[in-house]
Amino acid sequence: AAMAARCRLAARFHHIHGANIRLDASHTQATRVESFANGLCFSQEPLAPGQIFLVEIEEKELGWCGHLRVGLTAHDPQSLEVVPEYSLPDLVNMGDTWVFAITRNHNRVVVEGEEVQPRGRPWEPFLLIERVRIPRDTLVGRSRPGRYSHILDDLYKMNVLPATARRSRIGVLYAPQPDGTADMHIVINGEDMGPSARGLPTTRPLYAVIDVFASTKSVRVIPVDYGFPSLQTLCRLVIQKHIVHRLAIDGLDLPPLLKSFCQHE
């Protein structure tokens, strides 16, 4: 229960962010309103071991070269005198920060001398990373539901998007190791990219870093339930069960924040 409560609290953006970022009222959507830089965001709270910070790409912007950047930092955003313009290289050069650029196809990391582990089957209900078990369905991005998507739900479930496409879901977490350090993992649409950084300190709080950079215009935090679902999630499931298709949520007499939550499963 404590883990679930902490996960829900951290599933928001920190009020400290880049100069070109605007947050919505719930602090779950971050939009870069100008230029291609100064789009740095952080998780509201440090992540717990094995806790994924998951975002969905909501809007793209043509004309820029480069995509979303994701990682972890041991710097408390509150302690930053000035939020750096870029995560790469500015924030990384401050030390104790590990950030990687997301590419169009994949970000699988292969360490020299190690064999690439076989990918998990996409229909398996959970993604396993070390001892962490995450519901896979929440992690997989899908095309925006259309008018007849309630008929085609099985097809939408099989639709895995390119890493940098709209509706793609990208997450970051750290997995503690026996030597007292941790490995950082990036997850793209339900697929673990492998340890992208090793030797992270577990004695210091680690915040998620999301750089809304270049062609990525807007992202939204997607809450992930571990164990028992939250009351908010249960309400969403009941609402979705009693509508013809998800576009009908717009016409319901519900508070805007609840509508938004129901539409972004």
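The structure is a predicted model, in which local features need pLDDT of at least 70 and side-chain atom pairs count only at pLDDT 80 or more, while totals for chains, interfaces and linings use all residues. Residues are numbered from 1 along each chain as its sequence is written, and side-chain values use heavy atoms, with hydrogens and water left out.

## Overall composition

The chain has 6 helices and 13 strands. Helices (H or I, at least four residues) and strands (E, at least two) are DSSP runs, numbered from the N terminus. Of the 265 residues in the chain, 50% are buried; buried means under 20% relative accessible area, exposed over 50%, and partly exposed in between (1.4 Å probe, protein chains only).

Contact is defined as heavy atoms within 4.5 Å. Among contacts between residues at least 6 apart in sequence, 68% join residues at least 24 apart.

## The open sheet

An open sheet is built from 7 strands in the order E1-E2-E13-E4-E9-E10-E11, with antiparallel pairing. Strand E1 (21-23) and E11 are the edge strands, each pairing on one side only. On average, neighbouring strands of this sheet are turned by 25° against each other, direction ignored; axes are lines fitted to C-alpha atoms, for helices over the stretch in contact, and angles run from 0 to 180 degrees between N-to-C directions.

Two strands pair if DSSP finds at least two bridges between them. E1 and E2 pair in the antiparallel sense over 3 bridges, and Arg22 stands opposite Thr31 in E2. E10 and E11 also run antiparallel, joined by 6 bridges, and Met184 stands opposite Ala197 in E11. These two strands, E10 and E11, form a hairpin with 2 residues between them.

## Nonpolar cores

A nonpolar core is a set of buried Ala, Val, Leu, Ile, Met, Phe, Trp, Tyr and Cys residues joined through side-chain atoms within 4.5 Å. The largest such core has 32 residues, of which Phe13, Phe53, Leu68, Ile210 and Val219 touch the most other members. At least two residues of this core come from each of E4, E5, strand E9 (169-176), strand E10 (181-188), E11, E12 and E13. E10 gives the most, with 4 residues.

Which residues does Val219 contact, leaving aside its neighbours within four places in sequence? Val219 is in contact with Phe13, Thr28, Gln29, Ala30, Val55, Glu56, Ile57, Glu58, Leu68, Ile210 and Val212. A second, separate core of 12 residues includes Ile52, Leu127, Leu173 and Tyr226.

## Salt bridges

The structure holds 8 salt bridges, a salt bridge being a side-chain nitrogen of Lys or Arg within 4 Å of a carboxyl oxygen of Asp or Glu. The table lists three of them.

| Pair | Closest N and O atoms |
|---|---|
| Arg32 and Glu61 | 2.8 Å |
| Glu58 and Arg220 | 2.9 Å |
| Arg204 and Asp96 | 2.5 Å |

Arg32 lies in strand E2 (residues 29-32) and Glu61 in the loop between strand E4 (53-60) and strand E5 (69-73), so the pair ties together parts that are 29 residues apart in sequence. Arg32 is buried at 0% relative accessibility, whereas Glu61 is partly exposed at 25%.

Glu58 in strand E4 and Arg220 in strand E13 (residues 216-221) are 162 residues apart, and their pair links distant parts of the chain. Glu58 is buried, with a relative accessible area of 9%, and Arg220 is buried at 9% relative accessibility. Salt bridges that share partners join Asp24, Glu58 and Arg220 into one network.

Arg204 lies in the loop between strand E11 (191-201) and strand E12 (207-211), and Asp96 in the loop between helix H2 (87-93) and strand E6 (97-101), 108 residues apart. Arg204 is partly exposed, with a relative accessible area of 34%.

## Backbone features

Asp96 has a positive phi of about 55° although it is not a glycine, and it is partly exposed at 35%. Asn189, in the loop between E10 and E11, has a positive phi near 50° and is likewise a residue other than glycine. Asn189 is buried at 7% relative accessibility. A cis peptide bond joins Leu88 and Pro89, with omega about 5°; Pro89 is found in helix H2.
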